[in-house]
Amino acid sequence: MKKTQLSLTVNGQNYQLAPLPGETLADLLRNRLKLTGTKIGCNEAECGACTVIMDGEPVLSCSTPAERADGKTITTIEGLAKPEKLHPLQEAFIKHGAVQCGFCIPGQIMTSYALLQKKQKPSSADIRHALKDTLCRCAGYPTIENAILAAAESLQSGQPVAEPQVPPSATEGATVGTLKIRPDAVEKVTGEAIFTDDLKFENMLFAAVKRAGVPHAFVQRINVDKAREVPGVVTIMTARDVPGENIHGLVILDWPVMVGVGERVRYVGDAIAIVAAESQEAAKAAVELIEVDFDLQPVVSDAVQARKEGQPQIHEKGNLLKHIKVRKGDPEIGFAEADVVLEHTFHTPATDHLFMEPECSIAVPEGDRMLIYVGSQIPYQDRTQVARALGWEETRVRIVGQLMGGGFGGKEDIAGQIHAALLANATGQPVKLLFDRHESLIVHPKRHATQIKVKLGAKKDGTLVAAKTELYGDTGAYASLGEKVLTRATTHSAGPYKIPHVHADCYAMYTNNPPAGAFRGFGVLQSAFAFETMMDNLAEILGLDRIELRRKNALRVGDETSTGQIMRESAGLVECIDKVESSMLKVSGLPYEELFKARRVPDAEHLVRAWGFASAFKNTGLGGGADDTSGAEVELYEDGSFQVRSAAAELGQGLVTIMRMMVAEELAVPAEQVSVLVMDTDLTPNGGPTTASRQTYVTGNASRLAAKTLREAITATLSEKFDMAPEKIRFAADGVHVNGHTLNMREVYSEMKASGKDPRVLYEYHAPETKPLGQGGDMHVAFSFASQAAEVEVNTNTGEVRVLHVISANDVGRAINPLGLRGQVEGGVVMGVGHALLENFITKDGYVVTDRMSRYRIPSIMHTPEITSIIVEDPTKDGPYGAKGVGEIVLIPTPPAITNAIYNAVGVRFDSLPVDQEKLLWAMEENKRELLS
Ligand code: FES
Ligand code: FES
């Protein structure tokens, strides 16, 4: 018999609720009980974000019918902490820095909680087994594991959670260089953190988008009549209803807000119509009833095809977005001088960011303005793009940035912001547009699939003399940041090495695939895979040591890059190489000559292990002549606290901690005395895009210099008031020392006000000028460098590859927050493991095959190697305290280090990613003699 009443206990409270058809436990918790700490990452039982405890067992609430909770006791993340006291798991996650974007954290903690209920002293294997299906894309898995072990220890001993073992920066300041936890960590472990989808507004409507579903066609007819009949539908809009310009794009305006009748569909994710309805179900039902007739066109499905004669032209100007060229010397002269010349072609696939939080935008009309609640990597550009489509002045639009559950470059382009705004404008009501995972996978830009040909010439002693590269990059249907990404791929395509003759040509091509844009590594991941594979190949052919080959050619101070930039300082590659080399010797216990040899595992002859090595570099900042600017404002409040504000984006990477630490350092106050506000176009100055590993550098500098300027203003005020030379006034932890007085910051505030001074400084920081590609000189303000060694184990029976250990040395200039930096290193390495072994966004003739989370594999805790992180600090002159970018470099050498290790283990060299287990097995059989003798 159908139940008429559900009775359940949630976090100690009893509820009697009427059942709703089709309701899941997650819906019930989030929508009816307002317990939004339980997150939805996939809604298809794949990610674990929605885990809650039901009668002591962890369950995926997104796939548990609410009716099944009848008579049960449920604990959610909100029920874990006692009043004023966090659970040791929550405390350990905070202390150890396991919280990054935080979106997966409720699921991680609840799964761990269930484990600790059963096993008080879990082993690492127990933890890995328990968390194997609970995904974290920030991928701080080693730290999550350590946090659980520390929590278990604390629960056993009754002692406080032990501190993490993370060395501080070699040059510690009072705050900078020490370990600091995130300002938003507590809310992220208690479920109080609010992401966009957690927000509710009165009279809020729900939106859905009719996608083209075909990759290339002309729209002949759109009929929304049946859709309008769906009860609850409030409005339906098509291209002709866009009041402003029906176009958007980050660099080039080539992406229609909606494709209208007579216009061209260029990929399956193109929007045809948008619906606002009183419920999500009604909006989706209406979308299903929208009729569209297409005149289907032949599909361009890869970049090489796109450049061939006679292919369909996807945009009016053709299929070539840009031909990017690097010219240094004359490679033909170099190849003529070379003792050996190698040439090979490599392929890398499109990959998806798979941030745990799917895109969500809520547009709220307010008077004659529109507020957009969204997690965006470029709030000010969102404002411009929304205003353009509405046909409004920009200042009438306000982007109210929300916590972001990861981005990795995938939240730079417009997702639902414009559509939600159009519907809210048309209806006068708030409108939420939430992508499900399927829509997220289909619509947003990916990492560029590439084909990269490398020709490399060297002398017998390993001196590199010439390199010629030819790249094809598939930027999909729209430009997004394709030109910028592929420029980085091209300028980095001869590796971090000194080579006198380099030519590179890249063809950034439009195709009918989903667009490609920014993704952590920004094109350099692809070219590093190709070039570092060639470097190992070269070492083998010349009979040279692969580490020595890299050390010999590494860019050093005084050397010139492929684009004509002289490295004047901060080139820590050799130190990275040296430190990884000595760490490998220590970690492996092997003699040097055995380091890269294959080793069979005793008593398991089918398992073969070996190490591999790779290096990389990555620019910090926009460079290439762009105006790289960020603004920050620092204000002293009456209560003696400070706030630092910038519209730079926090997507989990830890910028908010960096900003508060830098302000605290300059003003000699505890970091906790500084709050941070980001991503609001009304309240925070423009921080520019969060891309190109630029924010620590530019917004860090803006925050630091705003604080420094405020300190100078305070000094000037006190100097006058207390009649003391400014240079004698001292800022210290206990206050400002001036002429025998020690003033706390409350008193400083009063003095500033009394003297008519505003205790607030806005600072706009402009990074040093750079030159566009082709002009020589400084194309970038700085480069980060890295080397990595990976140890793999190949199962010769199955082709399965396990990465056992990665040693990662990164020259980051200066480690501002070593705790956050560790998270970046771990996350980068694990994402690199994914790109080497798992990740492949598959399209077939423009249709997306990997259109569900279950079809797109990313690394879990089970794929996580042991990670040894080595921080190299070769400071850069203009970086804040010497810091350079870190977010991308940590990932780039991982795939070639792994594929080089596979070759060293079993003699199979991969020239495409990801490593295909079947292919490896087949290749091993074909090349048996190359296996161990
Ligand atoms: S949201 Fe339930 S498993 Fe992903
Ligand atoms: S902290 Fe796990 S997904 Fe970001």
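View 1. Serine 630 counts as buried because its relative accessibility is 0%, where buried means under 20% relative accessible area, exposed over 50% and partly exposed in between, calculated with a 1.4 Å probe on protein chains only. The model shown here and in the other views is predicted, so local features need pLDDT of at least 70 and side-chain atom pairs count only at pLDDT 80 or more, while totals for chains, interfaces and linings use all residues. Residues are numbered from 1 along each chain as its sequence is written, chains are lettered from A and ligands numbered from 1 in the order in which they are written, and side-chain values use heavy atoms, with hydrogens and water left out. Serine 630 belongs to strand E25, residues 629-636; helices (H or I, at least four residues) and strands (E, at least two) are DSSP runs, numbered from the N terminus. Its side chain makes a polar contact of 2.7 Å with the side chain of threonine 699. A polar contact is a pair of N or O atoms within 3.5 Å; within protein, one must be able to donate a hydrogen and the other to accept it, and residues adjacent in sequence count only if both atoms are side-chain atoms. Beyond its neighbours within four places in sequence, serine 630 is in contact with residues including Ser646, Asn686, Thr699 and Tyr763, contact meaning heavy atoms within 4.5 Å.

**View 2. Helix H18 beside helix H19.** Helix H18 (residues 655-667) packs against helix H19 (residues 695-722) at an angle of about 30 degrees, with the axes 8 Å apart. Axes are lines fitted to C-alpha atoms, for helices over the stretch in contact, and angles run from 0 to 180 degrees between N-to-C directions. H18 is therefore roughly parallel to H19, since angles under 35 degrees count as roughly parallel, over 145 as roughly antiparallel, 65 to 115 as roughly perpendicular and the rest as oblique. Among the residues that make the contact are Leu655, Ile658 and Met662 of H18, and Thr699, Ser703 and Ala707 of H19. By class, the contact of H18 with H19 has eight nonpolar, five polar and four charged residues; Ala, Val, Leu, Ile, Met, Phe, Trp, Tyr, Cys and Pro count as nonpolar, Asp, Glu, Lys and Arg as charged, and the others, Gly among them, as polar.

View 3. Leucine 555 lies in the loop between H16 and H17 and, at 0% relative accessibility, counts as buried. Its C-alpha atom is separated by 8.1 Å from that of valine 574, 19 residues apart along the chain.

**View 4. Glutamine 451 and its polar partner.** Glutamine 451 is found in strand E20, residues 449-458, and its side chain makes a polar contact of 3.0 Å with the side chain of histidine 347. The C-alpha atoms of glutamine 451 and alanine 530 are 79 residues apart along the chain and separated by 9.4 Å.
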